[in-house]
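Let us take a walk through this structure together, one region at a time. Please keep the viewer open as you read.

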Amino acid sequence: MSDSHCPADTVADGLFLHTDEASTRQYRHALESVAEVVTDSTRASDTVYSGADPAAVRASFDEVDCLPLEGSGLDEALETVRETVLSDAVRMSHPWYLAHLNCAPMVPAVAADTLVSTLNQSHAAWDLGPSVDVLEEAFVAEFADLLGLPDSAAGVFTSGGTQANFTALLLARGWYADEYLDTDVQTDGLPAEASAFRLLRSEIGHPTADEAAAKMGLGESATVTVPVDEAHRMDAAALAETVERLVAEGQRPFAVTATAGTTDYGSIDPLAEIADVADEYDLWFHVDAAYGGALAVSDRHREKLAGIERADSVAVDFHKFLFQPASCGIFLLREEDNYRYLGHEAAYLNPGRDSVPHRTEKSVQWTRRADVLKPFVTFQTVGREGMAALVDAVIELANRVDDLVAEDPAFDLISASEISTTVFRYCPQETPETVSHGVWADEINDAIRDAALADGRTLLARTQADGRTYLKFTLLNPCTSLDDVAAVLDLIREFGREIESDLSAGDIR
């Protein structure tokens with residue numbers, strides 16, 4: 001048996017997990033120290049954010065040497081983190097955090113994230129993480145089945161929707177070039193006809209489709225947007241008309257991305273109707289369900305995803321509405337064979353002569369963390385019924401928040417969410433004769449969001465609809481109550497009236 005001590009010099013003492021008692025003791029101490037710093041910081045403040053502006057945050061690092069010549073030990077390092085990073089961190093778990101699609105992470109998932117880092121397994125090759133490879137394969141199969149995809153489906157965990165959407169459209173491009181132009185893009189590059197390639201998304205679909213088009217050498221202009229209806233959902237009839245027009249113009253539409261849970265409204269495109277159009281025109285049908293894919297765990301809300309089972313590919317982010325720490329997403333492919341448009345063989349890593357599976361041929365990312373452990377541990381802890389209860393509770397809260405906003409004359413509700421997003425704005429009490437009501441309201445609502453950021457008790461998101469500025473609640477925390485949201489609305493009303501007064505007095509403009 002080998003020497004139980006690390007062969008490096010004394011600098012390595014306590015820095016690596018090994019089999020000896022001293023090493024394991026240091027590991028426990030490190031985890032306990034991190035837990036203490038985090039919990040102390042959490043208890044020390046009851047606000048979502050410190051309110052510090054960018055200059056102040058930068059100033060807190062002025063005296064910090066990120067690459068010191070000599071180290072000061074873990075305890076001192078964590079104290080520096082406490083005084084800098086944690087003091088100005090946004091507290092996603094605070095019930096008054098209502099801004100973006102960043103969830104409050106569940107404790108079992110946080111614990112599993114530590115496990116992921118400690119094991120340091122990778123999906124690049126079988127001998128870098130055999131057990132997590134098998135776990136990922138099993139988890140993917142069960143989740144694909146939950147969405148109604150066939151047994152031929154396969155997939156991998158991703159860093160999130162951006163990577164998953166890019167992978168989907170990359171495969172779609174390879175499929176189309178092979179199917180219609182007898183071209184192997186991966187080997188031979190883009191054919192001359194590629195200048196006519198077009199992919200479609202709704203006008204409020206995520207711009208990662210545009211980004212993917214640019215990365216694939218097609219250019220953002222290859223993305224064509226489709227109008228949405230009054231519920232902020234892609235108009236399937238307009239999609240068919242757009243495809244007809246593109247074909248008549250000599251363009252080559254090859255893929256359509258539908259959205260199950262838009263970022264701004266939480267709206268879900270009519271997936272079954274879009275699938276019909278995709279079938280009629282032989283388009284690759286991708287569903288960006290980064291947000292709304294969580295509904296698959298809920299018996300009460302799964303029907304909102306009807307049609308997703310017909311998708312050629314699907315993206316779901318577990319770090320949005322399934323309460324996992326980032327990053328943790330999944331990409332699902334209807335037909336595993338279509339991964340042939342992505343894979344690459346390396347003699348040192350995944351040679352074709354190997355008798356064991358590898359994952360590099362299923363991902364644009366070679367070194368991948370075993371993020372599957374996070375949702376695996378979470379679902380093992382609470383079960384699918386427990387997870388569904390949390391999702392259902394948040395959606396029920398969002399419905400009640402919609403009613404609360406709609407009934408308050410101080411606010412204008414633009415639409416009710418299909419998931420857990422409420423878009424609204426503060427209504428000014430008066431509008432100066434010299435300023436249009438819309439411009440006046442825009443200025444005030446912009447200022448409300450900035451005031452909330454500087455105040456720190458809550459964080460709000462903002463967006464635009466028809467050129468007007470709106471505020472947005474993104475509810476992703478089962479611990480947020482209706483009373484919490486009501487208190488935030490009171491705060492917004494207070495900010496609004498103060499800002500109106502200051503603007504009217506000419507103090508801000």
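We begin in helix H8, residues 208-215, where Thr 208, Ala 209, Asp 210, Ala 212 and Ala 213 are the buried residues. Buried here means under 20% relative accessible area, exposed means over 50%, and partly exposed is anything in between, with a 1.4 Å probe and protein chains only. Helices are DSSP runs of H or I with at least four residues, strands are runs of E with at least two, and both are numbered from the N terminus. The cover over the buried residues of H8 includes helix H6 (161-181), strand E2 (197-202) and strand E3. After H8 comes Gly 217, with a positive phi near 80°.

Before going further, a word on the source: this is a predicted model, in which local features need pLDDT of at least 70 and side-chain atom pairs count only at pLDDT 80 or more, while totals for chains, interfaces and linings use all residues. Residues are numbered from 1 along each chain as its sequence is written, and side-chain values use heavy atoms, with hydrogens and water left out.

From strand E3 (223-226) we can move on to the loop between it and helix H9 (236-248), where His 232 is found. His 232 is buried, at a relative accessible area of 12%. Setting aside residues up to four places away in sequence, His 232 touches Ile 204, Thr 262, Tyr 265, Ser 267, Asp 269 and Ser 415; a contact is counted when heavy atoms lie within 4.5 Å. Pro 270 is 38 residues from His 232 in sequence, and their C-alpha atoms are 11 Å apart in space.

Now for the charges. Side chains of opposite charge can pair when their charged atoms come close. The cut-off used here calls it a salt bridge when a side-chain nitrogen of Lys or Arg is within 4 Å of a carboxyl oxygen of Asp or Glu. Across the whole structure, the search finds 29 salt bridges. One of them pairs Arg 369 with Asp 113, with the closest N and O atoms 3.2 Å apart. This pair links distant parts of the chain, 256 residues apart: Arg 369 sits in the loop between strand E7 (329-333) and helix H12 (373-406), and Asp 113 in helix H4. Arg 369 is partly exposed, with a relative accessible area of 35%, whereas Asp 113 counts as buried at 17%.

What else does Asp 113 contact, leaving aside its neighbours within four places in sequence? Besides Arg 369, the contacts of Asp 113 are Pro 325, Ala 326 and Lys 374. Lys 374 has a salt bridge of its own, meeting the side chain of Asp 371 at 3.1 Å, N to O. Both Lys 374 and Asp 371 are buried. Elsewhere, salt bridges that share partners join Asp 40, Arg 43, Glu 79 and Arg 82 into one network. Another pair is Glu 249 with Arg 245, at 3.3 Å between the closest N and O atoms; Glu 249 is partly exposed at 46%, and Arg 245 is partly exposed at 40%.

Next, the open spaces. On a 1 Å grid over the protein atoms alone, a pocket is an open set of points with protein on both sides within 12 Å along at least five of seven lines, and lining residues have an atom within 4 Å of a point. The largest pocket has a volume of about 1,500 Å³, where volume is the space filled by probe spheres set on the grid points, joined across faces, edges and corners. Of its 45 lining residues, the closest to the centre are Val 38, Ser 93, Pro 105, Val 110 and Pro 325. Helix H1 (21-44), helix H3 (74-83), H4, helix H11 (318-321) and strand E10 (461-465) each supply at least two lining residues, and H1 gives the largest share, 10 residues.

The second largest pocket has a volume of about 360 Å³. Its lining has 14 residues, with Asp 65, Pro 68, Ser 72, Ala 77 and Thr 80 nearest the centre.

Finally, how many disulfides are there? The count is 0, a disulfide being a pair of cysteine sulfur atoms within 2.5 Å. The closest cysteine sulfur to that of Cys 103 is in Cys 328, 9.4 Å away and so too far for a bond. For Cys 479 the closest is in Cys 103, at 12 Å, which is also too far. Cys 103 is buried at 5%, whereas Cys 479 is exposed at 62%.

Methods: 1 Å grid on protein atoms, 1.4 Å probe; cavity = no way out; pocket = protein on both sides within 12 Å on 5 of 7 lines; lining within 4 Å.
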